[in-house]
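The reader may wish to keep the structure in view throughout.

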Amino acid sequence: MVGIIGYGAYIPRNRIKVEEIAKVWGTDANSYRKGLFVEEKSVPSPDQDTITMSVEATHYALKRSGIDPQKIGAVYVGSESHPYAVKPSGTVLAEAIGATPEIHCADYEFACKAGSEAMFVCLELVRSGSMEYALAVGADTSQGAPGDALEYTAAAGAASFIMGKDNLLAEAVETYSFMTDTPDFWRREYQYYPRHASRFTGEPAYFKHIIGAAKGILKKVKLEPKDFKYAVFHQPNGKFPLKVGKLLGFKREQLDTGLLCPWMGNTYSGSSPMGLTAILDEAKPDDLILMVSYGSGAGSDAFVWKVTSRITEVQDKAPKTKEILNNNKNYIEYGTYAKYRGKIRKAE
Amino acid sequence: MREVAIIGVGMNKWGELWNKSLRDVFTEAALLAIDDAGVDHIDSMYVGCMSSGLFVGQEHLSSLLADYLGTNPIPAARIESACASGGLALRLGFIEVASGTSDIVLAGGVEKMTDVAVDGATFALSTAADQEYEVYHGITFPGLYAMMARAHMHKYGTTREQLAQVAVKNHHNGSMNPLAQFPQKVTVENVMKSVMIADPLRILDCSPITDGAAAAILCPMDLAKKITKKPLVKIIGSGNATDTIALHSRDDITEIGSTKVAGEKAFKMAGKKPENIDLAEVHDCFTIAEICVIEALGLVDKGKGGKATEDGLTALDGKIPINTSGGLKSKGHPVGATGVAQVCEVVKQLRGEAGDRQIKGAKVGLTQNMGGSGGSSVVHIMEVV
């Protein structure tokens, strides 16, 4: 049996409202609020990046796990906003938490599913017996070009999970992956912002892969939507995860707990993993959770988690995701946001 | 001139056909038309397509489409007159059969528009306007039609609600068309609260970006009687006309001059008058366009297009049903295919095969297809015999 022994999330305190972005670009805020179900999003401060957020989230995960960081055998950070093109994020994280030097490290990249990729590999490394614990992080300071549809949702946040064999708080009952070559969203080297294929990112990309992965794992474990207490899907906006959940046969009450995007934005690699942390904050022993990520390019990782009795012991050992989301917010205007996000380019 | 019949029509489900390429989309519709006609070969082919070069990077459609349809080495031509390409392909097919040059001619149209992003599609479509005097100054088609709408409102008192009623009617009709891209019904409120595109036009005033194709098989009447047992639909009138490419060069921007002239030619050839028409498929690329063209065709009085729509005269059960298929608004608008799809709808109606949207006893139908802001128009009149 393998699974999660500790988890944590981190969200920067700055927020910008959809209205504030729409005002600058002369668009209709209501069409985003109602059409895509997004209200506001998190914004990293100038001194925050994927590494600093990964460290914050991992501190919380370590508190909940209660383990010695020296026993962690691998650290994998999944992101599409690693601060360096060459030089790993994972080395800084491992050093910051005191897990070096006997540790394997790699940075992962697969658009928005880099975080769940790291979770997938960590589970298998622990299952194989080659290490006692492995650390997986999904984190992003998501990029969206000024004025692009992505700018209304591209947000910042991190989720961290420590995988192990004993003292689980959630068992990984099953994993399943679904992948094709589908070019819906990309960013090439030296480009600041990703590009996307507009409506093509919907039906043949997001929906096809999440539905493919969800149906695949449900068949594998012989379970139906009604057997789950919670389900969480990748959240590029508030509308897509609710729609895909409905298409798969889930009810709104199964989806609400993990749905963060309308108030947090899309944290890319952190998206569905952070939704999972919000669910674990409220889950009870024996609850079943379905999680399906989505990464453009394109693929989905699906997980069936079964919560154990240890969950109630750890939930209060670190700040809960919705507490971080709802407390201590600092609303900023577009000008400040543009400065923080490096959208104002100065001459050399 | 020989009399010409349409003995087969074919159209596939329109929409965002992500898994199909231009050749697949065209070949599907062409085979449906060939099956509908019951012929075992075609002698010649015309295909309307506005901008395969910009949409999918493919020109030389005459060879490509004859190749993939398996009809090499027949003569084939790709016809371009912006959004009127399909109507013009049909007209050239008609002339080829009428002249005695070929017996069985396929007239089709195709456009694959979703392989590029929205800005790419907007650019490709803008090439139907005057690049030097319109497009360089930043205008796009929604902007041009918005100016026509404003002028129509100012001159004739046409209301914002009347524009919305065109969309409501066409989506209602499209809800009965299983091949339509957007068969959802909409309300006046939906239209008037939809996202603003170019004041006063909102997104539900605009036709969508669509992948799709349509085809028709033409042959001489004598031969048609031997080939098919279906009711024979004869092309009795065909008109084609042009106007200034730039909107600002026209004396009156509320009048579509090319449609007026093409319509007069078609009516004269057919020996019919507007009051003889039982239904019409017209080019509602924007809601205001339908209002302007039904006036230009004389189907309603000048300046009364909006009022006629409001009064239900153009509804399925009205005096002159317009766009029974759902029109470009609901059925979709793969630009090169639109003119041929209009003919498919009229043929289905005249044969009595239009299902829930059937106009009872329809004998004479009209199609009007236009390019750009009305720089070119093609009108056909058909009668079931």
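Two strands are taken to pair if DSSP finds at least two bridges between them. In this predicted model, chain B holds an open sheet of nine strands with mixed pairing, in the order S3-S2-S4-S7-S1-S8-S11-S10-S9. Its edges are strand S3 (76-79) and strand S9 (279-281) of chain B, each of which pairs on one side only. From one strand to the next, the twist averages 25°.

Strand S2 (residues 44-48) and strand S4 (residues 105-111) of chain B run in the parallel sense and are joined over five bridges. Tyr46(B) has Ala107(B) of S4(B) as its bridge partner. Helices also pack on the sheet. Helix H1 (residues 22-37) of chain B touches strand S1 (4-11), S2, S4 and strand S7 (212-220) of chain B, and its direction makes about 130° with that of S1(B). Helix H3 (residues 61-69) of chain B touches S2 and S3 of chain B, its direction making about 125° with that of S3(B).

Chain A is now considered by domain. It is divided into domain 1 (3-169 + 319-340) and domain 2 (172-307), and the centres of these domains, taken over C-alpha atoms, are separated by 16 Å. Across the boundary, 45 residues of domain 1 of chain A are in contact with 40 residues of domain 2 of chain A. On the domain 1 side, the elements that give two or more residues include strand S1 (3-10), helix H5 (114-128) and helix H12 (321-326) of chain A. The largest share of that side, seven residues, comes from H5(A). By class, the domain 1 side divides into 22 nonpolar, 14 polar and nine charged residues.

The contact is made by Tyr206(A), Phe207(A), Ile210(A), Ile211(A) and Ala214(A) of H6(A), together with Phe240(A), Val244(A), Leu247(A) and Leu248(A) of H7(A). These contact residues comprise nine nonpolar, no polar and no charged residues.

Finally, the contact between the chains takes seven residues from chain A and six residues from chain B. The chain A side divides into three nonpolar, two polar and two charged residues.

Note on methods. Residues numbered from 1 in each chain as written. Chains lettered and ligands numbered in written order. Predicted model: local features only at pLDDT ≥ 70, side-chain atom pairs only at ≥ 80, totals over all residues. Contact = placed C-beta atoms within 7 Å. Helix = DSSP H or I, 4+ residues; strand = E, 2+ residues; numbered from the N terminus. Nonpolar A, V, L, I, M, F, W, Y, C, P; charged D, E, K, R; others polar. Domains from an automatic or database assignment. Axes fitted to C-alpha atoms, helices over the stretch in contact; angles between N-to-C directions.
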